[in-house]
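Open the model in your viewer and keep the selection tool at hand. The stops below go one by one, each with something to select and a note on what is there.

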Amino acid sequence: MTLAETLSFLPYGQYALYIWLSYSITFILILGLFVRASINYKKIRIQLKNKYAREND
Amino acid sequence: MWKWIQKLASPKVFYETTNKLIPWFFWPFIVLIIVGLYWGLVLAPADYQQGESFRIIYIHVPSAWMSMLVYFIMAIVGGIGLIWQIKMAEVVAKVSAPIGATFTLIALVTGAVWGKPMWGTWWVWDARLTSELILLFLYLAYISLNNAFDNPKTAAKASSILAIVGLVNLPIIHYSVNWWNTLHQGSMFDDISNPTMHPDMLWPLLIMVFAFQFLYGVLALLNARDEVLIREQNSRWVRAVVTGDQS
């Protein structure tokens with residue numbers, strides 16, 4: 001029994017594996033872009049705050 | 001218009017504008033993606049030849065279109081930065097590269113996953129697939145080149161030249177299905193007034209294309225905002241923004 005047949009109980013039957021795999025990968029990659037932007041946002045502000053604090057000392 | 005562009009070339013105005021624009025791109029993206037996904041995955045009928053598997057089109061085609069559009073934008077604004085020395089154009093070009101590379105990767109991966117049940121293989125060295133893979137390499141080369149220099153001006157100059165040279169790949173991707181015998185299907189929109197898709201399938205596709213455009217907009221703005229802070233870190237206004245915790 002192939003993986004596609006095993007997962008055929010999901011919506012879209014015999015194509016469920018391919019459809020959900022495509023959408024999952026897309027979701028993860030797009031989420032990754034947002035997470036990266038959010039991490040950068042915090043990192044850059046902390047980095048700059050520390051730089052300015054050092055300069056004030 | 002020219003005055004507005006000149007104004008936007010100021011890093012401070014650019015930063016303030018990106019902050020204001022982010023919600024105007026984020027919320028339309030959310031609404032369009034929900035409507036597009038519901039329409040495409042639930043309401044649209046199955047294809048008479050490909051069955052349910054055709055639903056991959058709703059992410060494959062928008063990401064493939066965006067992979068080319070983002071590259072085009074990256075090369076054009078890179079060129080503007082190169083010719084008119086506008087720093088903010090360099091910023092837009094730089095932050096577009098990882099987003100465009102991700103769209104290209106999504107197009108390649110979803111295409112491979114779609115190809116398996118339809119063609120019986122994940123990959124073929126077909127003209128469309130190969131030229132799209134070259135686009136991914138161009139993005140990666142652009143990112144590497146941009147990170148290879150300490151001076152952002154030199155980095156922008158070198159990578160913009162690469163992006164402009166790489167523009168030649170875009171018509172090759174677009175017309176590859178006409179110029180060569182390919183396993184990949186032909187273009188659905190050769191005649192925009194007479195699309196070969198049923199409206200019930202076409203509308204969700206167009207909605208998803210718009211959703212991906214807004215997605216690019218919001219991601220580019222989020223990243224550009226931070227890139228400006230890094231580049232202008234010695235300016236007084238950046239110090240005020242960071243220490244005053246204004247965002």
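**Stop 1**

Helices here are DSSP runs of H or I with at least four residues, strands are runs of E with at least two, and both are numbered from the N terminus.

Before moving on, note that this is a predicted model, in which local features need pLDDT of at least 70, side-chain atom pairs count only at pLDDT 80 or more, and totals for chains, interfaces and linings use all residues. Residues are numbered from 1 along each chain as its sequence is written, while chains are lettered from A and ligands numbered from 1 in the order in which they are written.

On the α2(A) side they are A:Arg45, A:Leu48, A:Lys49 and A:Tyr52, and on the α9(B) side B:Arg239, B:Val242 and B:Thr243. By class, this contact has 3 nonpolar, 1 polar and 3 charged residues. Ala, Val, Leu, Ile, Met, Phe, Trp, Tyr, Cys and Pro count as nonpolar, Asp, Glu, Lys and Arg as charged, and the others, Gly among them, as polar.

**Stop 1: the whole interface**

How many residues of chain A are in contact with chain B? There are 22, and they touch 27 residues of chain B; two residues are in contact if their C-beta atoms, placed from the backbone, lie within 7 Å.

**Stop 2: chain A**

Chain A has 2 helices and 0 strands. Its C-alpha atoms fill a box of roughly 70 × 15 × 10 Å along the principal axes. A compact globule of 57 residues would have a radius of gyration near 10 Å, but chain A has 22 Å; the radius is taken over C-alpha atoms, and the globule rule is 2.2 Å times the number of residues to the power 0.38. Of the 57 residues of chain A, 16% count as buried. A residue is buried if 20 or more other C-beta atoms, placed from the backbone, lie within 10 Å of its own, exposed if 12 or fewer, and partly exposed in between.

Select A:Met1, in the segment before α1 of chain A. A:Met1 counts as exposed because it has 6 C-beta neighbours inside 10 Å. Next select A:Tyr12, in the loop between α1 (3-6) and α2 of chain A. Its phi is near 80°, a positive value in a residue other than glycine. Most residues other than glycine have a negative phi.

**Stop 3: chain B**

Bring chain B back. This chain has 9 helices and 0 strands. Its C-alpha atoms fill a box of roughly 60 × 35 × 30 Å, taken along the principal axes. For 247 residues, a compact globule would have a radius of gyration near 18 Å, and the 20 Å of chain B agrees with this. Of the 247 residues of chain B, 38% count as buried.

Select helix α3 of chain B, residues 57-84. At 1.5 Å a residue, its 28 residues should span 40 Å, and its end C-alpha atoms are 40 Å apart, which agrees; the expected span is 1.5 Å times one less than the number of residues. Just after α3(B) comes B:Gln85, with a positive phi of about 55°. B:Gln85 lies in the loop between α3 and α4 (87-119) of chain B.

**Stop 5**

Select B:Trp39, in helix α2 (residues 11-43) of chain B. Which residues does B:Trp39 contact, leaving aside its neighbours within four places in sequence? They are B:Ala44, B:Trp203, B:Pro204 and B:Ile207.

Finish with B:Ile33, also in helix α2 of chain B. B:Ile33 and B:Val209 are 176 residues apart in sequence and 9.3 Å apart in space, C-alpha to C-alpha.
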